[in-house]
Amino acid sequence: ARLKTAPAMATVYRPHSTTNSMSFSRGKRSPNTATVAHHGATHGATHGAGCGFGRPSSTPAVRRASTTRSMEKQPLQYWNQQARNYDDNIFSTIDEDATGVILDVIRSHGSQDDCRASRCVDLGCGVGKYLPALSKHFRQVMAYDLSPKLVALALKEVKRKNLENVSVAVRDLAQVWYRSDPSGACFGRLDELESFGFGVMANVLIAPGDVQLHELMLCNAHRSLCPGGRLLCIVPSLESALYVHQRCEEERSEGPYCLGAGDSRPSRAEAADLLKGVLRRSGVRTKHFLEPEFRLLASKGGFQVESVQRVTYHWRSELGLASDGQVPQRLRESPLPWDWLFLLHKAPLPSRDAPAAAMAALLPTALREARSESEGRLPTLLRPKKEENGARMTDSQKALFSTNRPSTVSPL
């Protein structure tokens with residue numbers, strides 16, 4: 001999620017940069033306290049995982065003893081801590097959306113029919129900012145978040161607004177979902193596999209670090225959706241972050257991003273982070289995506305990109321100001337800051353007559369590699385023998401050496 005930016009003066013002269021740490025959560029941008037660390041991959045800025053938020057503050061904050069956990073290293077503790085004063089720390093992307101594009105996408109794919117297409121899953125729901133809209137447009141909504149404390153707040157919101165078709169539970173998007181063993185029951189029952197027609201993952205993939213973790217989270221989303229299902233995925237835009245930083249530098253106005261200390265050049269570590277799309281937003285290292293970069297990541301998760309749009313935010317939200325009148329005159333010009341909104345599509349199953357290669361191509365990269373590795377670990381004597389001199393294996397031999405799992409069991 002995105003962090004919320006603390007209120008600042010309209011035109012602050014900046015001889016040097018003074019930024020605060022901030023946290024990210026789904027659909028939001030986070031707090032302006034100096035001790036805040038950013039949110040973990042599972043909440044994702046989970047809008048809580050998965051992956052909304054308020055924009056971080058760029059004004060100095062009162063220094064206190066740091067007790068905030070790290071979003072990267074201690075995501076559970078971090079998001080539990082954000083439950084305190086959540087609305088002050090994180091802003092909702094669905095509420096801050098300047099053009100209403102998020103609601104348009106939800107509305108256009110909503111369904112009340114008695115089928116899988118009418119079931120929706122919110123991956124990283126946070127305190128449930130998206131749940132009223134999802135409840136209105138889908139017959140049944142399941143919402144998950146890493147943090148028990150955020151889930152408790154979401155349940156209160158569900159009860160307060162009487163959302164009878166919404167269920168909220170704790171689940172870690174950074175773990176493998178839909179396991180066949182009893183110990184994996186908390187990560188989804190097998191009968192939930194491919195049972196949702198629509199999913200939401202808003203600013204969940206914001207924690208810097210291992211790309212394979214982002215792939216795993218997308219893989220869990222892919223396995224949650226039925227064939228033909230769609231995922232609304234919002235991620236921070238690297239293009240927008242660089243644009244915002246440039247505009248603030250030109251206007252000598254305090255901005256949410258900081259490169260270098262004062263007027264000095266960025267450090268080698270900051271330069272290396274920038275090449276990876278990681279920028280410090282109000283002091284918190286946060287992953288941002290180029291459009292083609294996320295297209296590639298989505299394909300590795302098994303998805304096809306159906307459309308790409310911008311979720312734009314007013315400059316007052318980006319800079320943490322109370323009103324548009326406080327925004328410097330030249331910063332009021334378009335384009336506005338934005339996040340990327342990708343509508344991802346899980347391909348329908350091919351016909352039974354389709355070749356095996358076409359079926360395998362529908363698997364996410366992570367699953368294909370896992371299956372290949374599992375076959376490679378077989379003892380030599382148990383590996384399927386290659387055909388020699390035109391000799392072919394009998395059906396019974398093929399069954400004996402087959403490494404394919406039953407269709408009711410998760411490939412992972």
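Trainee: Where is Asn162 found?

Mentor: Asn162 sits in the loop between helix 6 (148–160) and strand 5 (166–170). Helices (H or I, at least four residues) and strands (E, at least two) are DSSP runs, numbered from the N terminus. Keep in mind that this is a predicted model, where local features need pLDDT of at least 70, side-chain atom pairs count only at pLDDT 80 or more, and totals for chains, interfaces and linings use all residues. Residues are numbered from 1 along each chain as its sequence is written, and side-chain values use heavy atoms, with hydrogens and water left out.

Trainee: Why is Asn162 called exposed?

Mentor: Exposed means over 50% relative accessible area, buried means under 20%, and partly exposed is in between (1.4 Å probe, protein chains only). Asn162 has 53%, so it counts as exposed.

Trainee: And what makes Asn203 buried?

Mentor: Its relative accessible area is 0%, so Asn203 falls under the 20% cut-off. Asn203 lies in the loop between strand 6 (196–202) and helix 7.

Trainee: What is the phi of Asn203?

Mentor: Asn203 has a positive phi of about 50 degrees, though it isn't a glycine. Asn162 has a positive phi too, near 55 degrees. Most residues other than glycine have a negative phi.

Trainee: Why is His214 called buried, then?

Mentor: His214 has a relative accessible area of 4%, which is under 20%, so buried is the word. His214 lies in helix 7 (residues 211–224).

Trainee: Which residues does His214 touch?

Mentor: Leaving out residues up to four places away in sequence, His214 touches Leu205, Ala207, Lys287, Phe289 and Leu297. Contact means heavy atoms within 4.5 Å.
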